[in-house]
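This briefing is intended for a reader who has the sequence and the three-dimensional model to hand. Please keep both in view while reading.

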Amino acid sequence: MSGPSMVTRFSPSGRQKRGLLGSTVLNDYWALTKPEVNFLILITTAVGFYLGCGNEGRPFSIMPLFNTLLGTLLVASGTGTLNQYIERGFDAQMRRTVRRPAAAGRLKPQAVLVFGITLAAVGSVYLSATVNGLASALAILTLLTYLFLYTPLKRETPLCVLVGAFPGAMPTLIGWAAASGRLNSDAWTLYAILFLWQFPHFMAIAWMYREDYDRAGYLVLPKGNARVPFMTLETLLPLLALVAISIVQSPTRYAAIFYGAGALLGLGFVYFGLEFVLRRSRSAARRLLAASIVYLPSFFVLSATLCNRGRS
């Protein structure tokens with residue numbers, strides 16, 4: 001089924017097209033910001049902020065954290081909106097994205113563009129004014145690399161997964177920079193954990209929706225015989241590296257609990273990753289996706305609780 005026919009099929013009815021203040025329009029603008037993605041961004045930013053405070057021996061304060069999260073949320077929302085503006089034609093060809101506001105034509109492209117630019121600009125200025133210039137610069141760098149490197153590469157090469165992991169892990173650095181005003185080796189260790197986590201997480205999604213991606217011309221997975229080796233490489237190697245690098249963190253209390261719980265989480269994650277590359281089934285991909293969603297917040301809670309120097 002072609003893109004235009006899909007858009008026609010899912011176009012909103014006249015009854016749904018309400019005024020500017022109607023709930024349908026507001027819901028569409030809300031959907032443009034990708035709130036489900038922003039939730040994870042805010043969690044990882046908060047963890048970076050909290051650990052950054054402890055690492056520098058600075059007191060944790062709610063207001064600076066609020067400013068950091070609000071500014072980051074605005075930039076992330078602008079990035080998500082602009083991504084949907086750029087990819088609206090391709091989104092219209094995928095079943096999982098055809099109902100998005102820009103892809104379905106419920107919002108005019110110009111309105112989406114202006115909304116995205118406004119959110120990103122306000123968020124960048126807000127971070128600079130209320131937090132610091134480094135946090136704002138990192139947020140802007142995230143937006144630029146996501147929109148102008150990762151987004152176009154999705155239609156060119158499977159290496160887009162590697163490129164996209166760089167901006168995807170940036171929220172930890174934004175939070176850390178907001179708390180301390182600088183980045184050190186501990187900040188980069190946290191960044192590396194989130195960077196590596198993205199590979200098995202995205203491989204599960206890419207496999208589950210591979211027909212959709214193929215239909216829209218996205219090369220997130222190679223074609224033909226190269227697909228299985230690529231999936232294995234992009235899933236298992238980052239998982240093993242993730243388990244290894246998580247040990248680099250130095251707990252300030254209850255080391256046995258930290259390393260024991262971290263090992264259990266890591267081995268469980270590796271198990272589902274191995275099952276995924278061996279079976280290559282939709283059910284195995286779902287289990288790997290669920291394992292990734294459990295692993296990240298669990299490990300970050302462990303780090304925030306037992307590796308925070310401010311509480312030692």
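This is a predicted model: local features need pLDDT of at least 70, side-chain atom pairs count only at pLDDT 80 or more; totals for chains, interfaces and linings use all residues.

Residues are numbered from 1 along each chain as its sequence is written, and side-chain values use heavy atoms, with hydrogens and water left out.

**Helix pair α7 and α8**

- The axes of helix α7 (residues 109-130) and helix α8 (residues 133-153) come within 7 Å and cross at roughly 155°. Helices here are DSSP runs (H or I, at least four residues), numbered from the N terminus; axes are lines fitted to C-alpha atoms over the stretch in contact, with angles from 0 to 180 degrees between N-to-C directions.
- The two helices, α7 and α8, are therefore roughly antiparallel to each other, a term used for angles over 145 degrees.
- On the α7 side, the contact (heavy atoms within 4.5 Å) is made by Ala120, Ser124, Leu127 and Ser128. The α8 side contributes Ala135, Ser136, Ala139, Ile140 and Leu143.
- These contact residues of α7 and α8 divide into six nonpolar, three polar and no charged. Nonpolar covers Ala, Val, Leu, Ile, Met, Phe, Trp, Tyr, Cys and Pro; charged covers Asp, Glu, Lys and Arg; the others, Gly among them, are polar.
- Ile140 of helix α8 is partly exposed, with a relative accessible area of 34%. Buried means under 20% relative accessible area, exposed over 50%, and partly exposed in between (1.4 Å probe, protein chains only).
- Ile140 and Phe166 are 26 residues apart in sequence, and their C-alpha atoms are 13 Å apart in space.

**Helix α11**

- Helix α11 (residues 185-208) has 24 residues, which at 1.5 Å a residue should span 34 Å; the end C-alpha atoms are 36 Å apart, which agrees. The expected span is 1.5 Å times one less than the number of residues.
- Of the 24 residues of α11, 21 are buried, so this helix is largely enclosed by the rest of the structure.
- Asn184 caps the N-terminal end of α11, with a side-chain oxygen 3.1 Å from the backbone nitrogen of Asp186.

- Thr44 lies in helix α3 (residues 35-55) and is buried, at a relative accessible area of 2%.
- The side chain of Thr44 reaches the backbone oxygen of Ile41 at 2.9 Å.
- Leaving aside residues up to four places away in sequence, Thr44 touches Pro171, Thr172, Leu194, Leu296 and Phe300.
- Glu87 is placed in the loop between α4 (62-86) and α5 (88-91), and is buried, with a relative accessible area of 3%.
- Glu87 touches Thr151, Lys154 and Tyr218, not counting residues up to four places away in sequence.
- A polar contact of 3.4 Å joins the side chains of Glu87 and Tyr218. Such a contact is a pair of N or O atoms within 3.5 Å; within protein, one must be able to donate a hydrogen and the other to accept it, and residues adjacent in sequence count only if both atoms are side-chain atoms.

**Positive phi values**

- Most residues other than glycine have a negative phi.
- Lys34, in the loop between α2 (23-32) and α3, has a positive phi near 55° and counts as buried at 11% relative accessibility.
- Arg280, in the loop between α14 (255-279) and α15 (282-306), has a positive phi of about 50° and is partly exposed at 33% relative accessibility.

Technical notes. Angles under 35 degrees count as roughly parallel, over 145 as roughly antiparallel, 65 to 115 as roughly perpendicular and the rest as oblique.
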